[in-house]
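Student: I'm new to this model and would like to learn how to read it. Could you walk me through it?

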Amino acid sequence: MRSSDSGFAHGTNGSPQGSFEAEEYSAKMAENEAALKKLARAPMIDEGLIEELEEKHMKFSREDMLFITRDSTGQIIWLESGNSSAGLEHIYKRHTNDFESKISVRKEDIPEYLHRVVTYGSVVENKTVTRHGRKGYSRKYRYNGRDYILTGIGLNGFLVSAYPVD
Amino acid sequence: MKTVRIMLDYLQGPIWTSDPETGRPETGIDVVDKDEVLQRLNYQIQDLYSSYYEFDSHGQACWFNEAQEKADKEKMLALLSKLRSRLNEINDGSFEVDDQETERVEKL
């Protein structure tokens, strides 16, 4: 890949303090950070799976989607930024401390970590639970041979919540 | 001393953690996990809370019925109160209770 195609800001030869004003340097660093984040997130969105959701006329928010994958049961699972009741915001609000204290996963790493858990983890428990006529899944994944992550997933594959358990 | 956490989530809780199918607590504390009164209350609360979640509904992948949760506020507080009372009744000094839910529900 040519360096000009990388999406990263250039021109940081030598000491940034020496060749650039601090402000310009900070702007380029922010630009690089944004490019890195974009690169890191790109593999977490599988356009083919999104097409499958669309073909099934399932509701989802493309712009709020953080990852979409298929787990070992074959179901398409996705995480959206969500709100205080469901999705990443809910996980942050309720379970950040559990991720940090039980399995040393930092808050900012939770989306990528969950993507790996759901994609590569083995399902060690899968309960279909019906509440007032509506089905959902309580699904436990084992990842890395040592981490156990319990999840609440809607029948459509929307990841409502996730937290490490013993 | 062990801690019994009270927290609600979709298909989980309020006794953290529990079997979502039966409501049986899975805390690893015998006196808690084997108590049938707790199991019934736990299931009732879990059932009520999880009923607020709807999928592929109201134009969203996941929709939470906030209005219904507010309407059920007193009912939920009464159930949580019974749960805490039962935990206090059976507490043999081997655990403490960390209630992370009652205050949130009171503020609804």
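Student: How many bridges join E5(A) to E6(A)?

Tutor: Strands of a sheet pair through backbone hydrogen bonds, either parallel or antiparallel. In this predicted model, E5(A) and E6(A) run antiparallel and are joined by 6 bridges. For one pair to look at, find Tyr148(A), whose bridge partner in E6(A) is Val165(A).

Student: In what order do the strands of the open sheet come?

Tutor: The order is E3-E4-E5-E6 in chain A, 4 strands with antiparallel pairing. E3 and E6 of chain A are the edge strands, each pairing on one side only. From one strand to the next, the twist averages 20°.

Student: Which strands does helix H5 of chain A lie across?

Tutor: Helix H5, residues 110–120, lies across E4, E5 and E6 of chain A, and runs at about 95° to E4(A).

Student: How many residues does each chain give to the contact?

Tutor: Chain A gives 24 residues and chain B gives 19 residues. On the chain A side, strands E3, E4, E5 and E6 each give two or more residues. By class, that side has 9 nonpolar, 9 polar and 6 charged residues.

Student: And which residues touch the most other members of the largest nonpolar core?

Tutor: In soluble globular proteins, nonpolar side chains tend to be buried together. Here the largest core has 33 residues, and those touching the most other members are Trp78(A), Leu79(A), Phe158(A), Leu159(A), Val160(A) and Cys62(B). Beyond its neighbours within four places in sequence, Trp78(A) is in contact with residues including Phe60(A), Met65(A) and Gly157(A). A second, separate core of 14 residues includes Ile6(B) and Tyr49(B).

Conventions
Residues numbered from 1 in each chain as written. Chains lettered and ligands numbered in written order. Predicted model: local features only at pLDDT ≥ 70, side-chain atom pairs only at ≥ 80, totals over all residues. Contact = placed C-beta atoms within 7 Å. Nonpolar A, V, L, I, M, F, W, Y, C, P; charged D, E, K, R; others polar. Core = buried A, V, L, I, M, F, W, Y, C linked by C-beta atoms within 7 Å. Buried ≥ 20, exposed ≤ 12 C-beta atoms within 10 Å, placed from the backbone. Pairing = 2+ DSSP bridges. Axes fitted to C-alpha atoms, helices over the stretch in contact; angles between N-to-C directions.
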